[in-house]
Amino acid sequence: MLMDDLPVLPVLLPLIAAPIAVLLPNGRAAGAWATLIAWLSFYLAMQLTSIVATAGTVEYAMGGWASPLGILYRVDLAGAIVMTLVAGMASVTFPYAMSSSAAEIVPSQSKAFFAMFLICFSGLMGVVATGDAFNVFVFLEISSLSTYTLVALGAKRDRRALTAAFNYLVLGTIGATFFVIGLGLLYQVTGTLNMIDIHEKVQAAEEDYGRVVRAGYAFIMTGLALKLAMFPLHRWLPNAYTFAPSSVTAFLASTSTKVAIYAMLRFLFTVFGFSFGFADVALAVFLILGLVGMFSGSLIAIFRRDVKMILAYSSVAQIGYMLLGISFATVDGVGAALVHVVNHAVMKATLFLAVGAVFFSLGSHRLSAYKGLGKTMPVTTAVIIVGGLSLIGVPLTNGFISKWALVGAAYDSVLAVPSLAIVLMIVASSLLAVAYVGRIVWAMLLEDPVPGVQAKPVPALMMVPMVLMALLCLYLGVNADGLVDLCRQAAEVLLDSGLGYGGVR
Amino acid sequence: MIPFIPGDFNPAYLLCIAGILAALSPSKTGRGIIGLIGIGLGLLQLRSLGVGQMDSAIYYGVMEIAGYEFIPLRMDKLSVIFATIFHIAALINVIYGWSHATRLESSMGLIYAGSAIGGALAGDLLTLFSFWELAAISSVFIVWAGGTHAAFKAGMRYLVVQVLSGLTLLAGIVLHLSRGGSSEFGKFTLMGEAGVDPVAALILFAFGLKAAFPLLHTWLQDSYPKATPVGAVLLSAFTTKLAIYTLVRGFEGTGILIPIGCVMTAFPVFFALIENDLRKVLSYSLNNQLGFMVCAIGIGGPLAINGAAGHAFVHIIYKALLFMGMGAVVVRVGTAKATELGGLHKSMPWTTVFTIIGAMSISAFPLFSGFVAKSMITLAAAEAHMLFAYLVLLFASAGVLEHSGIKIPYFAFFAHDRFAPSVTGRERPKEAPRPMLIAMGIAAFLCLAVGFYPPILYGLLPYETDYHAYTFEHVATQMQLLMFAILAFMLLVKYKLYPDEVRSTNLDVDWLWRVPGRRLVEWGVPTVARLWHLIWNNLRALNVLVVRGLTMVHGPGGRLSRSLSVGLSAGSTGIVLAIVLILTFLN
């Protein structure tokens, strides 16, 4: 019975828990509550993954209404992986937030902060779990709206958080609007919202209403591309990440764009599939803009003087890698993109958690504050170095594994661009990562500390999660077989499930 | 089995260990004794390892590492005859250098000999390569031990050639292995169905460099005469003969070797005739003797291979004997230039006798060792109906007699008596030191022993043989050749037509890279440097430009990193949507 509800439980649990958090006496209790819920959800998501990995895709009809009329929850392996990832990140960042939010958030708002956090978490889980196209929109908006609030809560330390949140609100809403317009167009020609149902009917509708389907496709792709911060639709991301509270940045950077990537995969492969000639447009766009984003993001990161900003732009570049993997449209390519989704989440969480720790101690995330950090905060420095090396893709870190998978996939794929050129570009943009990570490491290790600045000790609640994440970076870099195999299987399911197409092996 | 030494221990290591110990030993006698013990143990170990027939070799210490099969020891008749003669040469060298070898020479000489033995016994390609390089590196010290600046520079040139040979060999081996070739060192096919096989050609080039093929030979005449008297004897024995061994093993019956061998055996005759430095004459004659062997390898077949191996065997002994004789002269007089020698037989009778024995051996007089082996090669050429090769070999045999058989002893020990007390005002030079005489005596004895009783040699040859050197036909042919050659020499000297010994430097093909080649390098280095500076400066300027450009676009406030107003951001989103829409509809 409990196990039967497994696909919905990790989604509903935080949603129901959020109002309760507001009712709790103080921020600390709300934080503990949220942490508990996150851990529970993480446990459930793991259970779900293990079931999906062995027994295949799980379906759950909401309220007992059979599909296509009712809302169907449908979790395949790719979804289960992303759900586990999101829940895992939540269970690491929530306890961290208990300490960090005390310094960064107005105390009276901290209960609401955790409630928003839970809602955001629930929304992200929902996007992944649902098999209903409109439900995707609903959950996307649940998570987005709560994210705007979360970003704006950073205003206690920096008023620019408000403009960042407003900017994000406008752009995010535009994206959501595009998305829902696209859904509306599809609904108009198919009369259904169930993804599988849309897929089946859209094939037939395409002959009569080709234009509508095409317009729907373009709107949905653009809307989701904005949500996942594809270059040049990434403008909302750097400021939002920079000015949000540390724990929020860590959580968002590791989950929200990843979930949007997942939604993109879902619509690209499950809803539309590759029977349409125009499906290649998205791949071409991803290939070109992914490559441009890889370089542009890294280049901007090199010139930035704010560590959070550097890492935010680096995220834009890293999303380029994922889009590149998807654009190959092969099992290996999509598998590599999924591997990078997980690995990038882990390494970015590591880095943003460490940056939050520095912000907690020194009150700044400007590069000048990082001078001589190796002497004053050795553990945090070590964590940042591990995360930075992962970002570059040095062997024995998880970044190497995803780049390796990506390069392998690029070699095996047949593209308009010679695959060797793509491989060289991946290597070149990794060198750019050396430059921006190098600047941070240089400041930390080779420059003298600013005299007279006293670093506050980092509390254990912040230290443990970030060290844990750093160790995970190393572990996934050494023992990567499990993850790579899992992601490959997930990609096979995505490409091969009979929903999309036969998959170019 | 020798106590304390494992049953499958490589004799090469015994010599190398002896070489290292000799380097640590302060006294000359100590070094000599260590050398003798090392070589003695090596010989015993070689015997106890046993000998396999040509097609059923005995292997020791085979082990597989990462899919590559190492065969440190392969004992068959071919490898053992070379290992044996290398031991004998090392032994003679130790005795010869008993009182005159420097510490460097005696230690490096042992390691050098050991690496030649290791190379001959190596069953796989990488082991061969290791010993090939070790031989190159250890021997260059012996050239350098000559002590003069000329010796140093010659040593550098020698090293360049030897290392080039090693690298070429390595390249060939790697290519051979990467296309799935066997790791065992066996026969290569130069001319495949698809024309010349580049891998085999690379390996042949590496072997040919060491074997001093024509045009690749100049390192030999360049470096050997510049070594010390002891060093030259050492050098003459190992490097080229190791190369001959590898050629026999890898390129037996490869047709191209016949013309190479013919050229190789004929052209040094002319250089040797006009050369003044008698040790350089010996170097040319060494080249000429190698030509016989290369020719035999090209002919192929049991008789020719027997001839090549047998010739290498006897050649090492008599060539060492001749170098020892000239070395003794250098030790006593200080020079080996024909224009400054003469009449030494009066005070150096034993050296004279031994040198003449060496000279008669190299000239292949019946009853001397050269006859026994060389006739096999000429007979093989005749049996294969290679008239041209046969004639060239005959011509070269006559040439050998001229320059090594007659010229060396004649000008060094007879001719004008330049050391009479009435001329110099000093006593005549003394007889060679005793250890040198003993070494020469052993070598001379071996020359005569093989000459008088050829079965000593025939038992060692790779293939079973029922060859008889002393048939009427062989002896008569050889004697006619020799007599007419001597007659020619007499007549030439009598009518003063024989090229006078003059102090001169004779140009060989090495002039090509020592003069125009040097100019090219002297011109090339600054030109390349200038070009590089030009490129580098431009690159730097470009780099500055790129960084500046990137800063403009991506730096803080740059076009791509500026925080846009909400309206502009929203507008750009609309543009992207429009583009995607257009693309979708166009498709």
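Predicted model: local features only at pLDDT ≥ 70, side-chain atom pairs only at ≥ 80, totals over all residues.
Let's start where the two chains meet. Here, 27 residues of chain A are in contact with 22 residues of chain B. On the chain A side, helix 6 (160-190), helix 8 (210-227) and helix 11 (279-303) each give two or more residues. Helix 8 of chain A gives the most, with eight residues.

| Kind of residue on the chain A side | Number |
|---|---|
| Nonpolar | 18 residues |
| Polar | five residues |

Turning to chain B, you will find 22 helices and six strands. Of its 587 residues, 51% count as buried. Among contacts in chain B with a separation of 6 or more, 80% come from residues 24 or more positions apart.

Back in chain A, helix 15 (residues 378-392) is worth a visit. Its 15 residues should span 21 Å at 1.5 Å a residue, and the end C-alpha atoms are 21 Å apart, so the two values agree. Is this helix mostly covered or mostly open? Helix 15 of chain A is mostly covered, with 11 of its 15 residues buried. Those buried residues include T380(A), V383(A), I384(A), G387(A) and L391(A). Their packing partners in chain A are helix 12 (307-327), helix 13 (331-362), helix 14 (373-376), helix 16 (398-412), helix 17 (419-446) and helix 18 (460-478).

Notes:
Residues numbered from 1 in each chain as written. Chains lettered and ligands numbered in written order. Contact = placed C-beta atoms within 7 Å. Helix = DSSP H or I, 4+ residues; strand = E, 2+ residues; numbered from the N terminus. Nonpolar A, V, L, I, M, F, W, Y, C, P; charged D, E, K, R; others polar. Buried ≥ 20, exposed ≤ 12 C-beta atoms within 10 Å, placed from the backbone. Expected span 1.5 Å × (residues − 1).
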